[in-house]
Structures are given as structure tokens and as C-alpha cells.
Amino acid sequence: MIVARRYVITGRVQGVGYRFFVSEAARVEGLHGWVENRPDGAVEARVEGDRESVIRFERQLRRGPSHARVEEVQAFDEAPAGSHGFIVRR
């Protein structure tokens, strides 16, 4: 079953390679979507794909790369939009 989720990640997540970590996690799981830095210092991501892949991806978001300090991951269910590929924005 294809699902979509949007995430807002806070903590020390900008300037530490977090977006590229997210991009690689999405690639490994075969997910489609995007990730970007927000002006408030958070990182936002949206992915869609197989439910189990999204669950594993979310676990990676909560861990983050070694230089990051993830404080909170908010997750929001969304309707799949048929996205293809994965983009690192801003």
C-alpha cells in the first residue's frame, strides 16, 4: 500500500548534512519526495512509497547523521500524489 507523510524535524538539523542524509535514506528505501531547510531552522520532508519503507525511513529521520541532534520529528499523513524521484531543495 502506498502512503505519504510529511515531516518537520527540529533540533540541530541545518548545516550538518541532514538533508543529504535524508535524501540517501529515501533512496535506500525507494521513496519519492523532497527535503528542504525551513527559515525557522527546522527541516521539512515529504515522502511517499510503500508503508514499511516509510516506517524505516522515519526511524532514520529520528536518528539523523552523526553531527545532528534531532529533538523532535512531527509526522503528518497526507494523500499520495504520485511523486517520482527525490529532490533536495534549498
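**Exercise 1. Work out which partner Arg 5 has in a salt bridge, and which elements the pair joins.**

Solution. Start with the partner. In this predicted model, Arg 5 forms a salt bridge with Asp 77. The closest N and O atoms are 2.8 Å apart. The cut-off is 4 Å, so the pair qualifies.

Arg 5 lies in strand S1, and Asp 77 lies in strand S4 (residues 69–78). The pair therefore ties together parts that are 72 residues apart in sequence.

Last, check Asp 77. Its relative accessible area is 63%. Exposed means over 50%, so Asp 77 is exposed.

**Exercise 2. Find how far apart Glu 24 and Arg 27 are in helix H1, and state how accessible each one is.**

Solution. The two side chains meet in a salt bridge, 2.5 Å from N to O. Glu 24 and Arg 27 are three residues apart in helix H1, so about one helical turn separates them.

Now take accessibility. Glu 24 has 39% and counts as partly exposed. Arg 27 has 55% and is exposed.

**Exercise 3. Determine which helices the salt bridge of Arg 56 and Glu 29 ties together.**

Solution. The closest N and O atoms of Arg 56 and Glu 29 are 2.9 Å apart. Arg 56 lies in helix H2 and Glu 29 in helix H1. The pair thus ties together parts that are 27 residues apart in sequence.

Compare accessibility. Arg 56, at 35%, is partly exposed. Glu 29, at 19%, is buried.

Now turn to shared partners. Salt bridges join Arg 6, Arg 38, Asp 40, Glu 44, Arg 46, Glu 48 and Glu 78 into one network. In total, the structure holds 13 salt bridges.

**Exercise 4. Classify the two aromatic pairs and locate their residues.**

Solution. Begin with Tyr 7 and Phe 57. Their ring centres are 5.9 Å apart, with 55° between the planes. Stacked needs under 30 degrees and edge-to-face over 60, so this pair is tilted. Tyr 7 lies in strand S1 (residues 2–12) and Phe 57 in helix H2 (residues 51–63). The pair therefore links parts that are 50 residues apart in sequence. Both residues are buried.

Go on to Tyr 18 and Phe 21. This pair is also tilted, at 6.2 Å centre to centre and 35° between the planes. Tyr 18 and Phe 21 are three residues apart in helix H1 (residues 18–29), about one helical turn. Both are buried.

**Exercise 5. Identify which residue lies over the face of Trp 34.**

Solution. Arg 89 lies there, at 4.2 Å from the ring centre.

Methods
Residues are numbered from 1 along each chain as its sequence is written. This is a predicted model: local features need pLDDT of at least 70, side-chain atom pairs count only at pLDDT 80 or more; totals for chains, interfaces and linings use all residues. Side-chain values use heavy atoms; hydrogens and water are left out. Rings of Phe, Tyr and Trp (its six-membered ring) pair if their centres lie within 6.5 Å; planes under 30 degrees apart count as stacked, over 60 as edge-to-face and the rest as tilted. Helices (H or I, at least four residues) and strands (E, at least two) are DSSP runs, numbered from the N terminus. Buried means under 20% relative accessible area, exposed over 50%, partly exposed in between (1.4 Å probe, protein chains only). A charge sits over a ring if NZ of Lys or CZ of Arg is within 6 Å of the ring centre and within 35 degrees of the ring normal.
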